Amino acid sequence: MTAVAGRRGAVFQWTRFGVLCLFVVVFLIPIYVLLVTSFKPLTEADPSQAWNLPRTWTVEAWRVAWEKLAPGLWNSVLLAVPGSLLSCALGSMNGYVLSKWRFPGADVLFTLFLFGMFIPYQGVMIPLVQLLVGLNDLTGLDGVFYGGIPGLVLAHVVYGIPICTLIFRNYYVTIPTQLIEAARVDGAGMLRAYRSVVLPVSGPAIAVVVIWQFTSLWNDFLFAVFLTGPTSWPTTVMLNNIAGAQATPYSQQMAAAILASIPTMVIYVLLGRFFMRGLMAGALKG
Amino acid sequence: MRRARTWLPGLLLVTPSIIAIGVFVYGLLGWNFQLAMTDKHSQVAEGEFVGLKNFVDIWDLPRWHLSVSHTILFTVVFVLGALLLGWLLAFLMEKGIRGEGTFRAIYLFPMAISFVATGIVWRWLMNSGTGERAVGLNRLFGYLGLPEWQWFRDQDWGMAAMALPAIWQMSGYVMALFLAGFRGVPEELREAARVDGCTEWGVYRHVVLPLLRPVLLSALIILGHISLKVFDLIVAVSGKQIITDVPAVFMWVAVFDSHDPAKGATIAAYIVVSVAIFVIPYLIWSVRKERTS
C-alpha cells in the first residue's frame, strides 16, 4: 500500500468515525429532552429555556408522574410476566414438534402460523372484542375477558404463538436429530425426549422469547386500548392519557414516559444480545 | 409416509395452538370480513348482508381519501428513510470500527421504547410554535439559523414529519439487519473479485450488494407492514386530529366515537388486504426457499 493510499485510508477512517458520532448525538437528542425536561420545576417551563439544563433540579414531576402511572405499571407487570412465560411454554412445544416431531402437512401449517405474525391486528379487533364480551357473558365473569387483564393476556399469548414458534423452531433445528433418535431408541417417548434432550439446551431460545414477548406486551397499545377498561389499563394507555391531557406539564409527561420505558430499557441494557437475536428472528433469519 | 403412531403425539401437542390460531387469526379475520359486508352501522342494528357496498361507499368519504394518502406519504418517507439511514450506519460500521458495540447499542435502543413514549418526546420536539413561542426543534433550529417548520401540522408534508420518530425508532433495526448481511458475505468472494481487478466500489457493487438482496427484502416487508398499520405513534403525537389521520386511527374513531362496527370492519379489512398483498407472496417464497436449501 502506498503512502497516499494509507493517508486516504486514515482520513476515511476518521470521517467514518465522525459521521457515526454525529448520528449518536442525533439519536440521543430525544433522551436529553426527556431527562432534562423531567427534572425542571414548573417555574422554568418557559419556551426560552426549552433546551437549557434545569437551574434547580427537582424530582417533583417524577413524584406526581409516579403517583399517576403506578396502577398502570402494576397492570403491565400482571400482563407482561405471565404473558411472556405462557408464550414461551407454547412456543417451545410447537417449535419442538415442528422441527423434530413433524407430522404430514407441518410445513403448510407453519406457513399458516407465520401469516399470523404479520396480520395487522386491526383486522381481528372488532370480532375479538365481541368474542371476549361473549366469554364474559358465558362464564358470568364480568370484566375478566373483556375489560380485564386475563383477556388481554389471552390475546397476546395467542397472537404471540407465531413468532414464539418461529424462534424456537429455528433454534431446535440446530439440535442434531441423532440425539432425539438415540433417546427414542432408549425407549423415550416424545415428552421424555423433550425433557431430557431438548429442554436442557433451550436456555438461549427461552431468553430470546421471554425478552421479545415481555417487550412487545409491555409496549403494546393497540390491544390494550381496545380490550381494557380504566381499572385494567396498562402503562401505555395510562401514559397516553396523562400526556394527552392539556393540563399535564411537560415535565410530568417526560417523567412518565421515562418511568414507562424503564423496564424494557433495563432489559435491553442487561440482555441486549438476546434482544438482538429476537429481532433477527423477526426477520425470518433464524 | 411414516406411521401415524410416530407423528400423532406431535400433532396432539400442537393442537391447542392450531385451534387458537384457527379461531383467533383465521376465524376472526373471516368474521371481520363478514361484518364488513353487512349494514350493521350501529351496535343494535341487525346487520343485513350488503355485499361489497361498504368497501365502495367508503371512497365517498373525504376523510378516507385523506387517511389513505397520508399513509402513502408516511410509508414512502418512513421506509426509504429507515432503509437509507440503516444502510448508511451499517456501511460505515461494516469493516469494524473502534467502539462498535457502543455505536450499535445506541442506534438500537430506541427499539426497546414504546411508540407511545416516543410519540410524547417527539410531539415536544416537533411542536409547531414559532418565534418567541418556539420550543423543541424549532427553538433549536432558531439557534442554528435554520428555518422553522410546522412539522406534523403542515397541510401537505405533515406525514413526512410524522415519519421522523418512526425512522428514529426503526433505523437501528435496519442497521442490525444490514450489518449481519454484510458480515455474511464471505471474505474469499471479495478477495476473488479484487484479484480479478475489481475496485473496492466494484466489489461492493457486484459482489456485496447482490448478496444483500434477501436482507433488503426482509427489511422492506417489516418496515412496510409496520407502516401500513401505524397507530400508536400517531395517537401519541397528535391524537385523533384529521390532519394526521390514518386508516388505523380512522377505524378506532369509527368503533369508539361513531359506534359503527361495519365501517370499522371495512377499514380494518382494507388494512389487512394492503398488508396481505405483499406479505403472503413473501412468506410462500421464503418457506419454499428454506425447503430447497
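The radius of gyration of a chain is taken here over its C-alpha atoms, and the globule rule used for comparison is 2.2 Å times the number of residues to the power 0.38. In this predicted model, chain A has a radius of gyration of 24 Å, whereas a compact globule of 286 residues would have one near 19 Å. The C-alpha trace of chain A spans about 80 × 75 × 30 Å along its principal axes.

Chain A contains 11 helices and zero strands, and its pattern along the sequence is accordingly written α-α-α-α-α-α-α-α-α-α-α. Two domains are assigned in chain A, domain 1 covering residues 3-38 and domain 2 covering residues 60-282. The centres of these two domains of chain A, taken over C-alpha atoms, are separated by 35 Å. Of the 286 residues of chain A, 49% count as buried. Among the contacts in chain A between residues at least 6 apart in sequence, 76% join residues at least 24 apart.

An unreviewed UniProt entry lists the feature "transmembrane region" for several spans of chain A, including residues 73-97 and residues 193-215. In the model, residues 73-97 of chain A are 100% helix and 0% strand, with their end C-alpha atoms 36 Å apart. Residues 193-215 of chain A are 83% helix and 0% strand, and the end C-alpha atoms of this span lie 31 Å apart. For chain B, the feature "transmembrane region" is likewise given by UniProt in an unreviewed entry, with residues 157-182 and 267-285 among the spans. The chain is 96% helix and 0% strand over residues 157-182 of chain B, where 34 Å separate the end C-alpha atoms. Residues 267-285 of chain B are 100% helix and 0% strand, and their end C-alpha atoms lie 28 Å apart.

The two chains meet through contacts between 79 residues of chain B and 69 residues of chain A. On the side of chain B that touches chain A, the largest share, 17 residues, comes from helix α1 (residues 4-36) of chain B. By class, this side of chain B comprises 62 nonpolar, 11 polar and six charged residues.

The largest nonpolar core has 175 residues, and those with the most contacts inside it are Leu239(A), Ala256(A), Ala257(A) and Val174(B). Helix α5 (residues 149-172) of chain A gives the most to this core, contributing 16 residues. At least three residues of the core are drawn from each of domain 1 (3-38) and domain 2 (60-282) of chain A. When its neighbours within four places in sequence are left aside, Val174(B) is in contact with Ala82(B), Leu83(B), Gly86(B), Trp87(B) and Ala219(B).

Two residues of chain B were examined for their backbone geometry. Most residues other than glycine have a negative phi. Trp151(B), although not a glycine, has a positive phi of about 50 degrees. Trp151(B) lies in the loop between α6 (136-144) and α7 (158-183) of chain B. A residue is buried if 20 or more other C-beta atoms lie within 10 Å of its own; Trp151(B) has 23 such atoms within 10 Å and is therefore buried. His259(B), also a residue other than glycine, has a positive phi near 50 degrees. The loop that holds His259(B) runs between α12 (247-256) and α13 (261-292) of chain B. His259(B) counts as partly exposed because it has 13 C-beta neighbours inside 10 Å.

Terms used:
Residues numbered from 1 in each chain as written. Chains lettered and ligands numbered in written order. Predicted model: local features only at pLDDT ≥ 70, side-chain atom pairs only at ≥ 80, totals over all residues. Contact = placed C-beta atoms within 7 Å. Helix = DSSP H or I, 4+ residues; strand = E, 2+ residues; numbered from the N terminus. Nonpolar A, V, L, I, M, F, W, Y, C, P; charged D, E, K, R; others polar. Domains from an automatic or database assignment. Buried ≥ 20, exposed ≤ 12 C-beta atoms within 10 Å, placed from the backbone. UniProt positions renumbered as here; feature names shortened; annotations may be inferred. Core = buried A, V, L, I, M, F, W, Y, C linked by C-beta atoms within 7 Å.
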